[in-house]
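Please open the model in your viewer and keep the selection panel at hand. The tour moves from one selection to the next and says what is found at each stop.

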Amino acid sequence: MARQWISGSKFRFNFLLIPCFTLCIHRVVTAQDSCKRIATFGLMQDAKNQGDVITEFAVFNDAHCARRCVSTDNCLGFNYKRTNKLCQLTGYSDTFEIAGSDPEWDSGIIEMYEEKVGQNVCSKTVCLNNDTCTIDGCSEALFSCFCPSINASKRSCQEWQESGFSNDGYYVIDPDGPNNGVDSFKIKCDMNRNGSLAAAELSHNFENKTYFQGCEAKKCFTRHITYCHSMQQIVAVADHATNCEQHIRIDCHGVLNSYLAWFTRTGVERTYWVGHNETLVSTCSCGLNSTCAVSSHKCNCQKNDYVWRVDEGLLTKTSDLPMTAIALGDTGDANEEMFHTIGKLFCYG
């Protein structure tokens, strides 16, 4: 894959998946600390990454800037200005401005991507001095080394926000506290999702609108949802949150809601589609405010005609969340079809 350089533009760039020539330099840096973490970084010259700036200060050179990023909580990238040796520590971004109005910048990312997809880099010795290697997100090739002495964590995104961190990005949290339950881990924080409340954002593999057709009986096919964090980590976040929520949407064409169901974090089947009351069987948002296609129905899809209709709702019973699977059916005939869209899990407080 050839590198594309576009003057004054922004584009996405993956350091270790694209060959580096004279304008990109790979190095290994370690934090100057009794407990070190190690990282590989690529330095791209005449470029500036677009991640949120955490802080900036003067340094001796680009490697000094990279070391400061490695030893700073929540720093995943940096920009270095050659003319005055200014170092900017940033959150993660894979978007860069190349040779724009201020071409004196070099940019780096403190992350590791392996070319062999699916290779668990933590099976190698990538962290130093008994530092803990942790896989980040959905990719087994993206990792972080967590060192207790330099990776201070909070219990939640809300605590990070209350400590003065207002930029969205990835933060280290330990929901159940040190030496309890799960170890600290990195999570994406939306710092202003609900007014002044920060939210932990937990992603999975069925967030996009997904088509289904092909079986007629009730709950005849089950799709299992895979999250980017372990269920133990997600439960720790949810159990120590003030509240959690997850959006669900069904686009139906001749499909009855009563043929569908979803499953809780413990595998319990549910058929309510809004709110937190599991006794609201086959009830959607329109059923709560009497705006369904048929006034006596609790969901639009109950009309069961061959017109595309939408049912959706915000699930708010934290002890049921996250949704772990969805059971589908009533799509055996040629004109019966549906889409489902399952939102990310957001936990507040």
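## Stop one: a sheet and its pairing

Begin by selecting Trp262, which stands opposite Ile326 in β21. The model is a predicted one, in which local features need pLDDT of at least 70 and side-chain atom pairs count only at pLDDT 80 or more, while totals for chains, interfaces and linings use all residues. Residues are numbered from 1 along each chain as its sequence is written, and side-chain values use heavy atoms, with hydrogens and water left out.

Now widen the selection to β18 (residues 261-263) and β21 (residues 325-328), two strands that pair in the antiparallel sense over three bridges. Helices (H or I, at least four residues) and strands (E, at least two) are DSSP runs numbered from the N terminus, and two strands pair if DSSP finds at least two bridges between them.

## Stop two: the nonpolar cores

Select Ile187, Val237, Ile248, Ile250, Met323 and Cys347, the residues with the most contacts inside the largest nonpolar core, which has 43 residues. A nonpolar core is a set of buried Ala, Val, Leu, Ile, Met, Phe, Trp, Tyr and Cys residues joined through side-chain atoms within 4.5 Å; buried means under 20% relative accessible area, exposed over 50%, and partly exposed in between (1.4 Å probe, protein chains only). Among the elements that give two or more residues to this core are β13 (185-194), α3 (231-239), β17 (243-253) and β22 (337-348). Apart from it lies another core, of eleven residues, among them Phe57, Val59, Cys69 and Leu89.

Which residues does Ile248 touch, not counting those up to four places away in sequence? With contact taken as heavy atoms within 4.5 Å, Ile248 touches Trp273, Asp311, Glu312, Gly313, Leu315, Met323, Ile326, Thr341 and Ile342.

## Stop three: disulfides

Next display the cysteines: a search of the whole structure finds seven disulfides, a disulfide being a pair of cysteine sulfur atoms within 2.5 Å. One of them joins Cys65 and Cys87, with the sulfur atoms 2.0 Å apart. This pair links distant parts of the chain, since Cys65 is in helix α1 (residues 62-70) and Cys87 in strand β7 (residues 86-90), 22 residues apart. Both Cys65 and Cys87 are buried, and the torsion about their S-S bond is about 75°, so the disulfide is right-handed.

Move on to Cys215 and Cys220, whose sulfur atoms are 1.8 Å apart. Here Cys215 counts as buried at 16% relative accessibility, whereas Cys220 is partly exposed, with a relative accessible area of 33%.

## Stop four: salt bridges

Finally, show the charged side chains, among which the count comes to 13 salt bridges, each a side-chain nitrogen of Lys or Arg within 4 Å of a carboxyl oxygen of Asp or Glu. Select Arg265 and Asp239, which form a salt bridge with the closest N and O atoms 3.1 Å apart. Arg265 lies in the loop between β18 and β19 and Asp239 in helix α3, so the pair ties together parts that are 26 residues apart in sequence. Arg265 is buried, with a relative accessible area of 17%, while Asp239 is partly exposed at 48%.
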